[in-house]
Amino acid sequence: MEIIKVNALNKSYKQNLAVKNASFSVIKGEIFGILGPNGAGKTTMLEMIEGLRSIDSGGIIVNNVDVNDKDNRASLQEIIGVQLQSSAYFDKLKLVEILDLFGSMYKKKKDPIELLKMVGLYEKRNELVKNLSGGQAQRFSIIAALINDPDIVFLDEPTTGLDPNIRRELWELIKQINKEGKTIILTTHYMEEAEELCDRIAIMYEGSLIDLDTPQNLIIKQNLKFTIKFIPEEAFNDAILKKVSDMTEIVELWNEKEKIVLRIEDSKLINDILKDIEDIGIEFKNLEIIPPNLEDVFITLTGNSLRKGVNHGNSESLIK
């Protein structure tokens, strides 16, 4: 069952088209991700769906509520919870008081104490937000979005700026919220986060949705290659590269500092290729075998890295 339908959505700022003719739907109960670099239009897209930003053209239906109709805004706010990319709270209110205040604005209200217990913040219930650590503040911002017991939860870059351990703790929290029956829409520029959490992912680039599917299907349909990396025991020379490049199973080959990097199409050939490399007299160490991932999908679709915007052409490749 579709709980969100977005049709031909557009949003411009002066001459900049931030969202370009975007259409997609979100299935009830799924974790739906919008993946893209900073500036791709992810937050603008989310804010239009949430009713926080005006729509230039197109339509949005959220759980049978027409977002374009301003008279429906109150109904929309009752069924959604929103965690913004950066949140501001009342400086002099304690955590439990903030949740009580937010809850008073809705018809439905979850118990603030139970929410604080859910994320390990019960002992901090009488603290001010400014006294929380980064991870604690982010957990609090998520439960603040749950105070009205919403059907749909929007999380905008929920783990940006957090260290890997805290990020993974938040992933478990997001999974827990989803298991309780909430539909979750999140934006992220972390490939690992999208792969770990999302049932389906919309890839967004320069305002456009350029693909949408499950993480596995996004990888499969691009016919992406496996990567093998190793450091040869002897120093680099042209003879080493020539020996490896003559192997027909390898479709790309280049050097990456002290490493040799190979791309192959058939993962079943990995063991044979490694044996062949040894048979031609090349001993190696620090072997890495890397399956294709969403970063590879993004590079294939856009020509740029998801995180750095660096072009990944084949100019350094020794096999074209």
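## The sheet built around β11

Four strands form an open sheet in the order β12-β13-β11-β14, with antiparallel pairing; two strands are said to pair if DSSP finds at least two bridges between them. Strands β12 (250-256) and β14 (284-290) stand at the edges with a single partner strand each, so one side of each is left without a neighbour in the sheet. On average, and with direction ignored, neighbouring strands of this sheet are turned by 20° against each other. Such angles are taken between N-to-C directions and run from 0 to 180 degrees, the axes being lines fitted to C-alpha atoms, for helices over the stretch in contact.

This is a predicted model, in which local features need pLDDT of at least 70 and side-chain atom pairs count only at pLDDT 80 or more, while totals for chains, interfaces and linings use all residues. Residues are numbered from 1 along each chain as its sequence is written, and side-chain values use heavy atoms, with hydrogens and water left out. Helices (H or I, at least four residues) and strands (E, at least two) are DSSP runs, numbered from the N terminus.

Strand β11 (residues 226-232) pairs with β14 in the antiparallel sense over 5 bridges, and I231 stands opposite K285 in β14. With β13, too, β11 pairs in the antiparallel sense over 5 bridges, and the bridge partner of F226 in β13 is I264. Of the 7 residues of β11, 6 are buried, so the strand is largely enclosed by the rest of the structure; buried means under 20% relative accessible area, exposed over 50% and partly exposed in between, with a 1.4 Å probe and protein chains only.

Helix α10 (residues 270-279) lies across β11, β13 and β14 and runs at about 160° to β14.

Strand β1 (residues 2-13) and strand β4 (residues 57-62) run antiparallel and are joined by 5 bridges, and N7 has G59 as its bridge partner in β4.

In helix α1 (residues 42-49), 7 of the 8 residues are buried, so the helix is largely enclosed by the rest of the structure. These buried residues are K42, T44, M45, L46, E47, M48 and I49. Helix α1 is followed by G51, whose phi is positive, near 80°.

## Helices α3 and α5

The axes of helix α3 (residues 95-103) and helix α5 (residues 134-144) come within 11 Å and cross at roughly 25°. The contact between them is made by L95, I98, L99 and F102 of α3 together with F140, I143 and A144 of α5. By class, the residues of this contact divide into 7 nonpolar, no polar and no charged, where Ala, Val, Leu, Ile, Met, Phe, Trp, Tyr, Cys and Pro count as nonpolar, Asp, Glu, Lys and Arg as charged, and the others, Gly among them, as polar.

Terms used:
Contact = heavy atoms within 4.5 Å.
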